[in-house]
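Student: I would like to learn how to read a protein model. Please take me through one, feature by feature.

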Amino acid sequence: MTGLQATGVGLALGGRTVLHAVDLSAPAGDVTGVTGTSGSGKTTLLRVLAGLHQPDTGEIRYDGEPVAPKGSIALLAQHPRLVCNPRWTLGQIIAEPALIRGDRFGPDDLHSTAGDVGLDPALLDRYPGQVSDGQLQRACIARVLIQRARFVLCDEPTAMLDPISTASVVTLLRGLASGGAAVVLVSHDAVLVETLTAATLALPSPLG
């Protein structure tokens with residue numbers, strides 16, 4: 001299958017089973033939803049798909065291969081302050097994937113990308129500690145756009161955004177999928193999931 005496929009994935013952390021025999025099919029060109037109650041393993045599943053945790057059982061395939069090409073996975077974290085370098089400006093955070101590829105990426109490109117996600121270009125010279133959570137999340141979304149990832153994993157991407165910015169993120173995620181990416185969306189927002197996703201995996205509630 002072209003896209004992201006997880007089969008029989010299981011993982012225990014700290015002696016507790018977090019994921020048990022999870023099957024997920026996220027075709028290229030679609031947004032696939034993952035729902036579940038708190039503690040059901042949604043974020044952990046994304047981290048497994050991103051290669052940050054190795055599953056105890058099962059396998060993951062990226063376009064049919066066991067290993068994803070370097071730079072092909074973008075993970076949009078729920079809490080951006082935990083993953084953003086506090087010593088980098090928002091502009092540096094956004095532009096890094098383009099610079100790694102060796103692309104030309106000037107101020108006009110940076111301002112245009114910021115505008116696409118509703119981020120005021122005046123904030124690009126500020127550091128994470130100088131902006132709100134929502135503004136930092138917009139910068140992280142802009143970074144995902146620049147990365148041009150084949151597999152896009154989103155953990156509550158609209159949790160810190162206002163309705164207007166949420167609508168723009170919906171448009172952007174649809175655009176990524178229509179461009180051929182396999183997009184996996186974790187969200188507690190039932191309306192967002194129903195509106196945006198082609199299929200949804202509901203993880204069971206944790207035991208106990």
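Student: How far apart are the mean positions of the positive and negative charges of the protein chain?

Tutor: In the protein chain, the mean positions of the 15 positive and 19 negative charges are 5 Å apart. Note that this is a predicted model, in which local features need pLDDT of at least 70 and side-chain atom pairs count only at pLDDT 80 or more, while totals for chains, interfaces and linings use all residues. Residues are numbered from 1 along each chain as its sequence is written, and side-chain values use heavy atoms, with hydrogens and water left out.

Student: How many helices and strands does the protein chain have?

Tutor: Helices (H or I, at least four residues) and strands (E, at least two) are DSSP runs, numbered from the N terminus. The protein chain has six helices and eight strands. Their order from the N terminus is β-β-β-α-β-β-α-α-α-β-α-β-α-β. The radius of gyration, taken over C-alpha atoms, is 17 Å, close to the 17 Å that the globule rule (2.2 Å times the number of residues to the power 0.38) gives for 208 residues, so the chain is as compact as a globular protein of that length.

Student: What share of the residues of the protein chain counts as buried?

Tutor: Buried means under 20% relative accessible area, exposed over 50%, and partly exposed in between, with a 1.4 Å probe and protein chains only. Of the 208 residues, 46% count as buried.

Student: Which residues have the most contacts inside the largest nonpolar core?

Tutor: A nonpolar core is a set of buried Ala, Val, Leu, Ile, Met, Phe, Trp, Tyr and Cys residues joined through side-chain atoms within 4.5 Å. The largest one has 39 residues, and Leu90, Ile94, Leu119, Val152, Leu173 and Val183 have the most contacts inside it. Elements that each supply at least two residues of this core include helix 2 (90–101) and strand 5 (73–76). Helix 4 gives the largest share, seven residues.

Student: Which residues of helix 2 are buried?

Tutor: An α-helix has 3.6 residues a turn, so residues three or four places apart point the same way. In helix 2 the buried residues are Leu90, Gly91, Ile93, Ile94, Ala95, Pro97 and Ala98. The buried residues of helix 2 pack against helix 3 and helix 4, where contact means heavy atoms within 4.5 Å.

Student: Is Leu76 buried or exposed?

Tutor: Leu76 lies in strand 5 and counts as buried, at 4% relative accessibility. Leaving aside residues up to four places away in sequence, Leu76 touches several residues, among them Gln137, Cys140, Ile141 and Val144.

Student: Where is Asp63, which has a positive phi although it is not a glycine?

Tutor: Asp63 sits in the loop between strand 4 (57–62) and strand 5, and its phi is about 50°. At 31% relative accessibility, Asp63 is partly exposed.

Key. Lys, Arg positive; Asp, Glu negative; His and termini not counted. Charge placed at Lys NZ, Arg CZ, Asp CG, Glu CD.
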